[in-house]
Protein chains: 2
Amino acid sequence: MSPSSLDELIEALRCLPGVGPKSAQRMAYHLLQRDQRGAARLGNALLHALEVLRHCARCNSFTEDEVCPRCANPRRDAALLCVVEMPADLAMIEQTQSYNGLYYVLMGRLSPLDGVGPRELRLDKLIARATEEGVREVILATNFTNEGEATAHTVASLLGARGVKVSRLSRGVPVGGELEHTDIGTIGQALIERRAV
Amino acid sequence: MSPSSLDELIEALRCLPGVGPKSAQRMAYHLLQRDQRGAARLGNALLHALEVLRHCARCNSFTEDEVCPRCANPRRDAALLCVVEMPADLAMIEQTQSYNGLYYVLMGRLSPLDGVGPRELRLDKLIARATEEGVREVILATNFTNEGEATAHTVASLLGARGVKVSRLSRGVPVGGELEHTDIGTIGQALIERRAV
Ligand SMILES: [Zn+2]
Ligand SMILES: [Zn+2]
């Protein structure tokens with residue numbers, strides 16, 4: 001008996017990670033009853049982001065351009081390529097102000113239990129990028145979780161086999177920790193003390 | 001350095017209740033990276049719901065029509081008017097199959113600490129509806145929380161002063177409990193044993 005547009009909104013809200021039926025319902029009522037402006041803003045932001053965002057042809061992060069401003073910046077050191085899991089990790093490294101190279105964003109990590117293998121993570125794209133002329137060193141800055149370590153290990157093997165020099169952030173980052181929740185001083189130190197693998 | 005459409009999406013997601021900056025970021029990445037179809041569906045559902053949903057002129061619940069199908073149904077007993085806080089509460093009462101009257105949905109509750117008084121809750125609209133010819137009894141089915149009880153008390157006073165017969169769900173519903181989380185057998189019993197106030 002409830003209007004189909006309301007049912008559809010509740011159902012659609014469940015695509016958000018961690019949102020079950022009850023919280024989807026609560027969110028829908030909140031938006032419709034208390035924050036219609038916020039709801040309109042969110043609706044438009046979603047459709048606009050889907051329309052204009054794509055993956056940078058160089059670093060694979062989100063951008064509105066073919067190549068993102070960071071990758072296109074000639075003052076960046078193109079000899080260094082830092083591999084991170086997510087854009088949030090890239091942002092943390094930028095905040096350390098200890099790094100002036102380029103990045104490659106995996107947009108995930110190897111996670112066999114979730115069906116994310118080398119193919120799903122498009123490691124071929126990373127290999128193509130890392131073996132381009134001018135790349136002198138690839139710095140692995142995946143998280144120090146089990147999945148992040150496994151990802152680093154796999155990438156190191158693949159790139160090592162192709163003669164690419166690969167390093168890993170030093171273990172200044174706590175074992176089991178995630179970059180996003182580490183203080184930037186520690187990350188900066190770990191970047192300076194990166195070790196060959 | 002992150003694209004403005006991505007920043008805007010992350011910011012817009014924060015209009016959802018209980019979503020802080022970190023979870024907004026996580027949601028945005030998830031939608032853009034893993035569930036673009038879900039994101040498009042949500043964006044369209046939000047804009048469509050905002051466009052077509054309004055409050056029923058009779059029961060105040062969400063509907064796509066001037067008067068919702070339930071209020072327009074001639075087989076409903078128009079002499080009974082059951083007042084609930086939210087559409088989810090109405091749905092619970094419907095599920096008991098113990099009630100065939102009409103409803104009025106407050107879309108909230110009195111909550112002085114949040115600045116929701118009789119004016120914000122539009123109790124004038126309820127009074128107008130409850131004092132229409134043909135309404136024989138108003139059944140208060142607000143929650144048995146402090147705020148729900150205070151709301152019931154205020155509504156009972158306002159309607160009692162106008163000579164309207166008012167009843168309250170019996171205390172079969174656990175004190176401090178919320179309808180939405182109560183088993184429908186208990187709600188059905190409470191409906192049958194409603195007491196005059
Ligand atoms: Zn880029
Ligand atoms: Zn109605």
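Colleague: How do you know through which surface the copies, chain A and chain B, meet?

Modeller: Of the interface residues of chain A, 100% are also interface residues in chain B, so the copies meet through the same surface. This is a predicted model, in which local features need pLDDT of at least 70 and side-chain atom pairs count only at pLDDT 80 or more, while totals for chains, interfaces and linings use all residues. Residues are numbered from 1 along each chain as its sequence is written, chains are lettered from A and ligands numbered from 1 in the order in which they are written, and side-chain values use heavy atoms, with hydrogens and water left out.

Colleague: How many residues of chain A and chain B are in contact?

Modeller: Contact asks for heavy atoms within 4.5 Å, and 52 residues of chain A meet that with 52 residues of chain B. The buried area (accessible area, 1.4 Å probe, lost on being put together and summed over both parts) is about 4900 Å², with carbon and sulfur atoms giving 70%.

Colleague: What makes B:Glu8 and A:Arg41 a salt bridge?

Modeller: The rule wants a side-chain nitrogen of Lys or Arg within 4 Å of a carboxyl oxygen of Asp or Glu. Here the closest N and O atoms are 2.8 Å apart, so B:Glu8 and A:Arg41 qualify. Across the interface of chain A and chain B, the rule finds two salt bridges.

Colleague: Which helix gives the most to the side of chain A that touches chain B?

Modeller: That is H3(A), with 15 residues; helices here are DSSP runs of H or I with at least four residues, and strands are runs of E with at least two, numbered from the N terminus.

Colleague: What makes A:Glu66 and A:Arg54 a link between distant parts of the chain?

Modeller: Their closest N and O atoms are 3.2 Å apart, forming a salt bridge. A:Glu66 sits in the loop between E2 and H4 of chain A, and A:Arg54 in strand E1 (residues 54-55), twelve residues apart.

Note on methods. Buried area is the accessible area (1.4 Å probe) that two parts lose on being put together, summed over both.
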